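User: Let us go through this structure together. Could you begin with the terms needed for the cavities?
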Amino acid sequence: MEACMEQACTETEGATLRTEMEAYAKAHHVPILNEHGRRFYAEFVRKQQPHRILELGTAIGYSALLALSIAPADCTVETVELLPARYETAKKYLARSPLGRRVTQHLGDAGDMLDILRGQGKTYDFIFLDAAKGQYPDYFEKAAPMLEPGGVIVADNVLFRGYVLHPVMMPRRFETIVERLQRYLELVNTPPYKTELFPRGDGLALTRREE
């Protein structure tokens, strides 16, 4: 009974902290999972029950804490952030949660860090892409070899304001990023990969290897 009460208390505190983080992200224009994305992401984690998560794009640590609040108790997260200010903000938020002890932060370029982690022989059963959208094809090609059998890759913002599916009215400044996201969707729908697209919000893509 005491353990159940402690868990309930921890979950309540975690939800309160995430609400605070949502307000911070809105006030400081920090991109985190939107309302629809949170719901789908939480469901992905709940179904997958991952033990080792790799996240590209820490922001303020919101999605890492959300995942750990749902994943098995032995789940760990390695997360990569390019911007020092966001890295430090995430560090402070993660320190306020007992779940934060299961997060390893990396500061640096996501593409470079993927090379390092692969060189270390790291593998993951859940990979979350939420860093530079124009680099998604490169991230996928580097991350896929680290994906364990039965694992998934989840990518956020793959529709980029709807322009990926409907590029006719797209401003010219978005052409490169849209072309690369279209390329990403081609890659993750090429055998042995199969992808399910969730278009609500800015688009989430769930990719599995079918062999």
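Analyst: For linings, Ala, Val, Leu, Ile, Met, Phe, Trp, Tyr, Cys and Pro count as nonpolar, Asp, Glu, Lys and Arg as charged, and the others, Gly among them, as polar. This is a predicted model, in which local features need pLDDT of at least 70 and side-chain atom pairs count only at pLDDT 80 or more, while totals for chains, interfaces and linings use all residues. Residues are numbered from 1 along each chain as its sequence is written, and side-chain values use heavy atoms, with hydrogens and water left out.

User: How many cavities of 30 Å³ or more are there?
Analyst: There are two. A cavity is a set of points, on a 1 Å grid over the protein atoms alone, where a 1.4 Å probe fits but cannot get out; lining residues have an atom within 4 Å of a point. The volume is the space filled by probe spheres set on the points, with grid points joined across faces, edges and corners.

User: What lines the second largest cavity, and which classes are present?
Analyst: The lining consists of Pro31, Ile32, Leu33, Gly57, Thr58, Ala59, Tyr62, Ser63 and Asp130. By class, five are nonpolar, three polar and one charged. The volume of this second largest cavity is about 40 Å³.

User: And the largest cavity: what is its volume, and what is its lining by class?
Analyst: The largest cavity has a volume of about 40 Å³. Its lining has two nonpolar, five polar and three charged residues. Among the lining residues are Leu33, Asn34, Asp156, Arg200 and Asp202.

User: Changing topic, how many salt bridges does the structure hold?
Analyst: It holds 10 salt bridges, each being a side-chain nitrogen of Lys or Arg within 4 Å of a carboxyl oxygen of Asp or Glu.

User: Which partner does Glu35 have?
Analyst: Glu35 pairs with Arg39, with 3.7 Å between the closest N and O atoms. The two residues are four apart in helix α2 (residues 35-48), which separates them by about one helical turn. Helices (H or I, at least four residues) and strands (E, at least two) are DSSP runs, numbered from the N terminus.

User: Is Glu35 buried or exposed?
Analyst: Glu35 is exposed, at 54% relative accessible area, while Arg39 is partly exposed at 49%. Buried means under 20%, exposed over 50%, and partly exposed in between (1.4 Å probe, protein chains only).

User: What about Lys122 and Glu78?
Analyst: Their side chains form a salt bridge of 3.0 Å, N to O. Lys122 lies in the loop between α5 (110-119) and β4 (124-129) and Glu78 in strand β2 (residues 76-81), so the pair ties together parts that are 44 residues apart in sequence. Lys122 is partly exposed, with a relative accessible area of 28%, whereas Glu78 is buried at 12%. Elsewhere, salt bridges with shared partners join Asp115, Asp138 and Lys142 into one network.

User: Why is helix α6 described as largely enclosed?
Analyst: Six of the eight residues of α6 (residues 136-143) are buried, so the rest of the structure largely encloses this helix. The buried residues are Tyr136, Pro137, Tyr139, Phe140, Lys142 and Ala143.

User: Finally, which residues touch the most other members in the largest nonpolar core?
Analyst: Leu56, Leu129 and Tyr184 do, in a core of 36 residues. Such a core is a set of buried Ala, Val, Leu, Ile, Met, Phe, Trp, Tyr and Cys residues joined through side-chain atoms within 4.5 Å. Helix α7 gives the most to this core, with six residues.

Technical notes. 1 Å grid on protein atoms, 1.4 Å probe; cavity = no way out; pocket = protein on both sides within 12 Å on 5 of 7 lines; lining within 4 Å.
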